[in-house]
Amino acid sequence: MAVPESVTLESVLVANRGEIACRIIRTLRALGIRSIAVYSDADAAAKHVGLADVAVRIGPAPAAQSYLSIDAIMAAAKQTGASAIHPGYGFLSENAELAEACRGAGVVFVGPGVEALEVMGDKIRAKAHVAERGVPVIPGAGVAGLTDAELIAAAKGVGYPLLIKPSAGGGGKGMTVVRKASELPEALKTARRVSLSAFGDDTLLLERYVDRPRHIEVQVLADSHGNVVHLGERECSLQRRHQKIVEEAPSPLLTAEQRERMGASACEVARSVNYVGAGTIEFLVSDAAPDEFFFMEMNTRLQVEHPVTEAVTGIDLVEQQLRIASGEKLGFAQSDVALTGHAVEARLYSEDPERDFLPSTGTVIALREARGTGIRVDSALIDGLVVGTDYDPMLAKIIAAGANRDEALGRLDTALSETVVLGVRTNREFLQKLIADPDVRAGKLDTLLIERFLAGIHFEQPDAATLVTAAVSRVPASNGSPWSDARGWRVGEPLPSRFRVSDGHGFDGTVEVRARELPNEAGTSKDVIASHGTTTWIATPTAIFALEFPTREQQLADHRSGLTRVAGAADPNIRTPMPGTVAAVESKTGDAVEAGQLLVTIEAMKMEHKLVSSIAGVVTIDVVQGDLVALDQIVASIRPHEGASA
């Protein structure tokens, strides 16, 4: 039993940030429970801070010194008299030490007991545990403490392709597919570094990789009185780099009988660790043989994609977490759970799909969130929000529900077209194109679908009308006097205003605007336009463009730099494609390097990006591990070998 019966939750501290903190606070308010927010210096003006009844600063921006600090969280709980802590997801949500600290302080932990967190938080231990209960598991290898050499030896028994997984991890971070033995040593090195950085534990395990698998998870609820139910499944097969992007409930693959079998196995997993609260059991399912499923892991917390389950069951999962934590029995049995209609969720990320999904930063200068029948938006977005590199790049979740799958997907498409975030690049256009893919529409899903989809994707480029609309918005308005009109007024034919413009994705040219075009007839009533500095953002229903209008000084500087560069030559300077932290430096100044050789690894928003040499030569390294770097900062430069040309 996780807590004594009949505990009154008068106030709950939400040990998280972003959209999930806002979502939990919403239910706390509906239940009349006092909400307490915590925030780092980076989040002082965040939406969740303003929504809560009380807010407490817990440290500087780095998560390790704020949201991941158990001492800081517990101090905030003591300071505010919190009767419970809800950890949300990520951060400390599956941390047994936090649960233990809560127990020691007499504070209710809104989550499972320490036993469940310890067993299921270790993927190696979890697989062995559920296998003993008759739940099928994927063939693999790994125990705590294995060296890279021991894992390489064990890989022979697992077979290729195989998947490296951090034992303590989640969210796809550090997971790497290895298709041949020669790739394994370097992959293990990277996975350990990512795992240690993200989870404080570099224990790895290996699993047989199943080609074209489907990722299906089952939501369970369990109270402290021994009652366990499942709320059906979610299809989470649309992933990129093992990170879920679009989720839906129920799965278009399963029959009612298959759903019941998988649900029964999920409940058995929960019972095996005396689970209490909301949890998710993740299964790998063969698309060709849906009757065959394998346990992957249990997430002992609320999931990012929980809204689709709420949409088809009508059950508020956060409310159930709170009721269970207060010692109440579940108010319904398995026979009372019914799935009605269909729901689909899309995750909106601050990233640039046209640059290999690199994280994007900026300040939100214009915002419009979708509304309408069957639409729900879980978001922490506000005007003026500064999107940095300290935390996960997810900005919002757009959820659409309908009577059936086609209606839900149609509503989601409309909702995405109405979603406007200007000032930071997002994956909105990518999401729109993805859910329009014929295989996605037909429900023919697997975890590699996006990889195949990306091979043929084409993003929109700004057309002439869009360029004119942007240029027009940058022409200074007239005060009524022709002598002060900066828009090119003169007797006779108007003088055109010429603008240099680029979109950051290959377009670079000139656009002309004449006075008669200035009443902005180029755009449409559905376009949203906003400018910040030299950038003008335009959102149409199908794309969002960030159009750069360099100043005259910038144009002259670009022109001068081009005078000394041989046409078509590679840039000898290695620049960061995103702001972040130097995770590793693989070479030192004076080393001879080849073109394509790894030099520096940059980490931002829980992702790594490897910077390689553009040419062969002698390298100069300008950073050290741990340095903070800005967008486009030079981190290394290459001097060509004697007699060679850059």
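## Strand S10 and its partners

Strand S10 (residues 213–222) pairs with strand S13 (residues 277–286) in the antiparallel sense over ten bridges; two strands count as paired if DSSP finds at least two bridges between them. Strands (E, at least two residues) and helices (H or I, at least four) are DSSP runs, numbered from the N terminus. Within this pairing, arginine 214 stands opposite valine 285 in S13.

The model is predicted: local features need pLDDT of at least 70, side-chain atom pairs count only at pLDDT 80 or more, and totals for chains, interfaces and linings use all residues. Residues are numbered from 1 along each chain as its sequence is written, and side-chain values use heavy atoms, leaving out hydrogens and water.

S10 is also joined to strand S11 (residues 228–240) by six bridges, again antiparallel. Isoleucine 216 has glutamate 235 of S11 as its bridge partner. The hairpin of S10 and S11 has five residues between the strands, and glycine 226 there takes a positive phi near 95 degrees.

## Burial of S10

In a regular strand the side chains alternate between the two faces of the sheet. Ten of the ten residues of S10 are buried, that is, under 20% relative accessible area (1.4 Å probe, protein chains only). One side includes Pro213 and His215, and the other includes Arg214 and Ile216; both faces are covered.

## An open sheet of four strands

Four strands form an open sheet in the order S33-S32-S30-S35, with antiparallel pairing. S33 (607–612) and S35 (628–629) are the edge strands, each pairing on one side only. Two bridges join S30 (residues 580–585) to S35, and threonine 581 stands opposite leucine 628 in S35.

Key
Buried means under 20% relative accessible area, exposed over 50%, partly exposed in between (1.4 Å probe, protein chains only).
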